[in-house]
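Dear colleague,

Please find the structure below, together with its sequence. I would be grateful if you could look through it alongside the notes that follow.

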Amino acid sequence: MRLPCRVSTLHSSTSRRASSAPAGMFVPDCGSTDVQSLQLLQDFVSRAARLFAISGAGLSTESGIPDYRSEGVGLYARTDRRPMQHVEFVRSAKSRQRYWARNFLGWPQFSSHQPNAAHRALQHWEAEGKLHWLVTQNVDALHSKAGQKKLTELHGCAHRVVCLGCGSISAREELQSRFVELNPDWRVQAGTAAPDGDVFLEDDLALHFRVPSCEVCGGILKPEVTFFGDTVNKGTVQFVHNKLAESDAVLVVGTSLQVYSGYRFLLAASDRKLPVAIVNIGPTRADHLAQLKVRGRCGEVLSIIQPL
């Protein structure tokens with residue numbers, strides 16, 4: 001059974017605080033979107049009866065969560081550090097220890113982030129019957145927090161934890177409590193925020209951090225997300241393809257689509273000759289497939305467009 005990506009209160013002594021990152025801190029510079037582009041986007045949305053949307057990290061940067069690829073402000077631009085690889089996590093206990101230590105420190109802030117205008121606009125479109133289905137590549141649960149129901153979390157959700165042994169699913173909040181119990185005297189200052197609930201931390205500071213095992217079978221615990229180098233569940237991919245087949249237009253919001261797991265649906269949309277519109281600050285892998293490209297902040301743009 002898959003738990004919903006919703007968070008209530010922390011069941012541990014770790015204090016929760018509202019995100020300290022300014023909303024625009026991780027958003028690339030972008031001028032105002034021109035009126036003509038907004039009108040063309042409004043026309044595009046108005047013509048669609050069953051709109052399929054795919055979102056990415058560019059939505060969540062406006063909530064204060066950094067991404068990987070944004071020009072000048074993404075992780076790749078700010079540091080030479082790279083995200084955790086699936087094989088590394090599975091094979092190395094030391095890598096898991098470092099990962100969970102960083103994640104433990106970053107969790108109170110990461111889990112406190114709230115939906116922004118873009119998330120709220122998409123939820124409103126769903127409520128009004130305009131949005132047929134939303135696929136997000138994000139793992140931050142912000143679409144769920146906004147109340148989105150017709151939603152597929154393509155890469156999983158960081159608010160869930162899976163056991164690699166027995167497959168049992170548990171809430172990330174519960175794991176935070178177990179971390180606190182196992183590490184009562186572990187005191188390390190959290191570093192700068194990184195994508196997906198991570199923070200920067202020197203490796204030697206994690207040497208004495210203790211990581212719990214699955215309470216059911218004693219197996220390895222992993223965030224229920226698709227790490228780099230892993231593949232998305234085939235059933236999930238087919239489900240999304242089915243939803244795309246039911247749709248009559250595609251809207252891309254806040255993603256460069258550099259990862260094939262998301263880009264494949266734009267190729268499928270092209271094969272089906274579905275009209276495509278893109279809202280993103282920077283270039284995307286699917287620009288050549290789009291009938292319309294609107295450069296701008298997702299929240300500012302989507303909050304203007306009405307689901308007529």
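The notes below concern a sheet, the helices packed on it, and one arginine.

Please bear in mind that this is a predicted model.

The sheet is open and consists of three strands, arranged in the order β5-β4-β6 with antiparallel pairing. Strands β5 (169-171) and β6 (221-225) are the edge strands; each has a single partner, so one side of each lacks a neighbour in the sheet. On average, neighbouring strands are turned by 45° against each other, direction ignored. Between β4 (residues 156-163) and β6, which run antiparallel, there are five bridges. At cysteine 163, the bridge partner in β6 is leucine 221.

Helix α5 (residues 93-110) touches β4 and β6, and its direction makes about 140° with that of β4. Helix α8 (residues 172-182) touches β4, β5 and β6, and its direction makes about 70° with that of β5.

Leaving aside neighbours within four places in sequence, arginine 96 is in contact with Phe89, Val90, Arg91, Val211 and Ile220.

With kind regards

Methods
Residues are numbered from 1 along each chain as its sequence is written. This is a predicted model: local features need pLDDT of at least 70, side-chain atom pairs count only at pLDDT 80 or more; totals for chains, interfaces and linings use all residues. Side-chain values use heavy atoms; hydrogens and water are left out. Two strands pair if DSSP finds at least two bridges between them. Helices (H or I, at least four residues) and strands (E, at least two) are DSSP runs, numbered from the N terminus. Axes are lines fitted to C-alpha atoms, for helices over the stretch in contact, and angles run from 0 to 180 degrees between N-to-C directions. Contact means heavy atoms within 4.5 Å.
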